[in-house]
Amino acid sequence: MVEDAARYGGRVAFTVRAKKKAFKHDAGRLADSPGVRRNVVKRPDSTEERSYGHNVGGPGSGEEGFDGAQFKAMVDAAGGDVAAAVHTWLTATGRLDPDAVIVGLEIRAWKPRED
């Protein structure tokens with residue numbers, strides 16, 4: 001999926017699940033998920049699911065999704081491990097504790113419509 005997004009000019013978004021305390025910011029904070037609290041799912045096991053990439057630049061920016069080629073480069077740098085690439089991005093951007101364990105990951109890819 002990641003390779004196809006890169007090859008065909010697609011976009012990538014993902015949802016990550018980790019312990020709530022592993023996230024550096026409260027859900028919905030601008031520093032975490034551009035103020036979009038609706039992309040957070042709290043679980044009874046003290047984990048949260050948070051979505052990234054739906055609107056990378058914040059509300060109204062028009063930057064929907066990560067560039068497929070750039071996302072693939074992150075995955076390649078992580079030895080082909082998508083979860084490791086996501087973990088690296090989350091920690092490098094100050095969203096997740098470096099020692100955090102990702103317990104769930106969903107990757108979505110699409111090709112934008114050409115209207």
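## A walk through the salt bridges, helices and core

The structure holds six salt bridges, where a salt bridge is a side-chain nitrogen of Lys or Arg within 4 Å of a carboxyl oxygen of Asp or Glu. What you're looking at is a predicted model, in which local features need pLDDT of at least 70 and side-chain atom pairs count only at pLDDT 80 or more, while totals for chains, interfaces and linings use all residues. Residues are numbered from 1 along each chain as its sequence is written, and side-chain values use heavy atoms, with hydrogens and water left out.

Let's get the overall layout first. The protein has three helices and five strands; helices (H or I, at least four residues) and strands (E, at least two) are DSSP runs, numbered from the N terminus. Of the 115 residues, 37% count as buried. Here buried means under 20% relative accessible area, exposed means over 50%, and partly exposed is in between (1.4 Å probe, protein chains only). As for contacts (heavy atoms within 4.5 Å), take those between residues at least 6 apart in sequence: 64% of them join residues at least 24 apart.

Asp 4 pairs up with Arg 7, and their closest N and O atoms are 2.8 Å apart. Both residues lie in H1, three residues apart, which is about one turn of the helix. Asp 4 counts as partly exposed because its relative accessibility is 39%, while Arg 7, at 51%, is exposed.

Helix H2, residues 68-77, has a pair of its own. Lys 72 forms a salt bridge with Asp 76, the closest N and O atoms being 2.8 Å apart. Both sit in H2, this time four residues apart, about one turn of the helix. Lys 72 is partly exposed at 23% relative accessibility, and Asp 76 is partly exposed too, at 46%.

Is the pair of Glu 48 and Arg 50 buried or exposed? Arg 50 has 2% relative accessibility, so Arg 50 counts as buried; Glu 48 has 1%, so Glu 48 counts as buried as well. Their salt bridge has its closest N and O atoms 2.8 Å apart. You'll find Glu 48 in strand S3. Glu 48 and Ala 18 are 30 residues apart along the chain, yet 5.8 Å separates their C-alpha atoms.

Ser 51 is buried because its relative accessible area is 13%. Its side chain joins that of Thr 15 through a polar contact of 3.0 Å. (A polar contact is a pair of N or O atoms within 3.5 Å; within protein, one must be able to donate a hydrogen and the other to accept it, and residues adjacent in sequence count only if both atoms are side-chain atoms.)

Next up is helix H3, residues 82-92. At its start, a side-chain oxygen of Asp 81 reaches to within 3.1 Å of the backbone nitrogen of Ala 83. Inside H3, the buried residues are Ala 85, Val 86, His 87, Trp 89 and Leu 90. They pack against H2 and strands S1 (11-19), S3 (47-52), S4 (66-67) and S5 (104-110). After H3 comes Gly 94, with a positive phi near 75°.

How do H2 and H3 sit relative to each other? Their axes come within 8 Å and cross at roughly 105°, which means that H2 is roughly perpendicular to H3. The axes are lines fitted to C-alpha atoms, for helices over the stretch in contact, and angles run from 0 to 180 degrees between N-to-C directions. Angles under 35 degrees count as roughly parallel, over 145 as roughly antiparallel, 65 to 115 as roughly perpendicular and the rest as oblique. Where the helices meet, H2 brings Phe 71, Met 74 and Val 75, and H3 brings Val 82, Ala 85, Val 86 and Trp 89.

That leads us to the largest nonpolar core, which has 20 residues; Phe 14, Tyr 52, Phe 71, Leu 90 and Leu 96 have the most contacts inside it. H1, S1, H2 and H3 each give two or more residues to this core. A nonpolar core is a set of buried Ala, Val, Leu, Ile, Met, Phe, Trp, Tyr and Cys residues joined through side-chain atoms within 4.5 Å. Finally, take a look around Phe 14: leaving aside its neighbours within four places in sequence, its contacts include Ser 51, Tyr 52, Phe 71, Val 86, Trp 89 and Ile 107.
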